[in-house]
Amino acid sequence: GTPPALRVHTLQTRFPFVEAMGFCMGSGPACGDPRRVTGEGVHLIYAGGHCHAPACLSIELWNLDTGELLCRNAPVWGQSGAVYDEPGFMHLPPCVWGREDNLRPPPRLHLNTTLRVIGRYNSTYRHSGVMSFWQMRGAYA
């Protein structure tokens, strides 16, 4: 049989950035309104991948127009026993951009920027309804 380390199920999707804004269409303080986006676009300031433990291996967000890997999240597993670091606890540290010295400059996205999501799962763990999507925050440029 296939060794467990090689049992990887990959999900991929591509979509225009405007579809990432379409789920809420300006209905709350954390929702972007595509009608407010100018030709300057949107500065991406936060991206956190969503995938399910224990099978989640990684999730990537690519700008297909430039070929740039915008963000890659991989699980960090708890080890110490401290709160939120217990053995078996998993979290996905997000990507954060900004103007501060210790942050990368925010990528600029336009409504028609083509994004790709690639989620990788260890398929030795049975889980129906596997998904890979991003929770993102931005600032109008």
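Leaving aside its neighbours within four places in sequence, C51 is in contact with C56, I59, M90, L92, Y121, M131 and S132. Please keep in mind that this is a predicted model.

Where does C51 sit? It lies in the loop between β2 and β3. Is C51 buried or exposed? Its relative accessibility is 8%, and the cut-off for buried is under 20%, so C51 counts as buried. There is also P75, which is 24 residues from C51 in sequence, while their C-alpha atoms are 9.5 Å apart in space.

Now the cysteines. How many disulfides does the model have? The count is two. In one of them, C51 is joined to C56, with 1.9 Å between the sulfur atoms. The angle about that S-S bond is -45°, and the link of C51 and C56 is left-handed. Both C51 and C56 are buried.

The other disulfide is between C71 and C95, with an S to S distance of 2.0 Å. Here the link is right-handed, with 90° about the S-S bond. This pair links distant parts of the chain, since C71 is in strand β4 and C95 is in strand β7, 24 residues apart. C71 and C95 are both buried.

C71 brings me to the core. The largest nonpolar core has 24 residues, and C71 is among those with the most contacts inside it, along with A47, L61, L115 and W134. Which elements supply at least two residues each to this core? They are α1 (17-21), β2 (42-50), β3 (56-63), β4 (68-73), β9 (114-122) and β10 (133-140). In general, nonpolar side chains in soluble globular proteins tend to be buried together.

Take W134 from that list. Apart from neighbours within four places in sequence, W134 has contacts that include A47, L61 and C71, and also I59, E60 and V117.

Last, the strand pairing around β2. With β10, β2 pairs in the antiparallel sense over eight bridges. With β8, residues 108-109, β2 runs antiparallel and is joined by two bridges. V42 has a bridge partner in each of these strands: Y140 in β10 and L109 in β8. Strand β7, residues 95-96, is also antiparallel to β2 and joined to it by two bridges. What stands opposite Y46 in β7? That residue is V96.

Methods:
Residues are numbered from 1 along each chain as its sequence is written. This is a predicted model: local features need pLDDT of at least 70, side-chain atom pairs count only at pLDDT 80 or more; totals for chains, interfaces and linings use all residues. Side-chain values use heavy atoms; hydrogens and water are left out. A nonpolar core is a set of buried Ala, Val, Leu, Ile, Met, Phe, Trp, Tyr and Cys residues joined through side-chain atoms within 4.5 Å. Buried means under 20% relative accessible area, exposed over 50%, partly exposed in between (1.4 Å probe, protein chains only). Helices (H or I, at least four residues) and strands (E, at least two) are DSSP runs, numbered from the N terminus. Contact means heavy atoms within 4.5 Å. Two strands pair if DSSP finds at least two bridges between them. A disulfide is a pair of cysteine sulfur atoms within 2.5 Å.
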